[in-house]
Amino acid sequence: MSKFCVKYEQTLKRLEKTAKQYTNIAPENGQFLYILIRSIQAQNVLEVGTSNGYSAIWLAAALKETKGRLITLEFDPIRAEEAHAHLVEVGLEEIVEIRVGNALDEIHKCDTTFDLVFLDAEKDEYLRYLELVLPNIRKGGLVVADDTVTMRDEMLDYVDFVFNTPLLNSVDIPLDDGIILSYKTD
């Protein structure tokens with residue numbers, strides 16, 4: 001584990017034990033997101049799919065360094081409560097806003113310009129999430145889609161769009177279950 005997350009290490013390690021149950025990202029994906037946020041000095045990040053807050057801890061840890069904020073969307077109120085408890089445990093709750101509801105209803109309520117968007121919810125809805133949030137992503141902003149190798153068949157419309165639209169420059173990254181990283185060109 002990297003030096004940056006020493007104060008979060010105990011909670012992250014505990015949550016890794018239930019990663020399959022909560023369909024959490026792998027630790028290396030968390031580090032990847034952390035590095036991306038720090039690299040672009042992100043101020044506003046949107047996460048679609050909070051689960052128990054494992055990835056939100058990684059995102060918020062980076063945003064604490066950049067003095068940014070995270071909006072994270074979770075459909076399940078019980079998981080949202082768990083995520084909030086984990087964020088309180090590591091002292092990151094002040095920079096994270098957890099919104100409970102269907103992401104397709106919640107995204108349009110976000111009147112923020114995002115530097116980075118992380119998609120890790122219903123795979124067959126990735127394209128709809130992207131279409132809703134794309135106008136709110138700044139030029140040069142990033143979209144990170146998770147599970148793009150293991151669950152690719154559930155998001156073929158998303159894959160086709162991100163690799164064929166002139167609005168994005170996208171690349172497959174073979175990290176854990178696969179990531180597609182997209183850069184907004186315009």
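Biologist: What makes S6 and S7 a pair, and how many bridges join them?

Modeller: Keep in mind that this is a predicted model. Six bridges join S6 to S7, and the two strands run antiparallel. A pair needs at least two bridges, so S6 and S7 qualify. Within S7, Ser182 is the residue opposite Ser170.

Biologist: What makes S3 and S6 edge strands?

Modeller: The open sheet has seven strands with mixed pairing, in the order S3-S2-S1-S4-S5-S7-S6. S3 (96–100) and S6 (168–173) each pair on one side only. From one strand to the next, the twist averages 15 degrees.

Biologist: Which helices lie on that sheet?

Modeller: H3 lies across S1, S4, S5, S6 and S7, at about 175 degrees to S5. H5 packs on the sheet too, touching S2 and S3, and its direction makes about 170 degrees with that of S3.

Biologist: Why is Lys123 called buried?

Modeller: Its relative accessible area is 6%, and buried means under 20%, so Lys123 counts as buried. Lys123 sits in the loop between S4 and H7. Leaving out residues up to four places away in sequence, Lys123 touches Asp146, Asp147, Met151, Glu154 and Met155.

Biologist: And which residues have the most contacts inside the largest nonpolar core?

Modeller: They are Ile37, Val45, Leu92, Leu116 and Val144, in a core of 30 residues. H4 gives the most to this core, with nine residues. Beyond its neighbours within four places in sequence, Val144 is in contact with residues including Leu33, Leu116 and Ile179.

How values were computed: Residues numbered from 1 in each chain as written. Predicted model: local features only at pLDDT ≥ 70, side-chain atom pairs only at ≥ 80, totals over all residues. Heavy atoms only, no water. Core = buried A, V, L, I, M, F, W, Y, C linked by side-chain atoms within 4.5 Å. Buried < 20%, exposed > 50% of the residue type's maximum accessible area, 1.4 Å probe, protein only. Helix = DSSP H or I, 4+ residues; strand = E, 2+ residues; numbered from the N terminus. Contact = heavy atoms within 4.5 Å. Axes fitted to C-alpha atoms, helices over the stretch in contact; angles between N-to-C directions.
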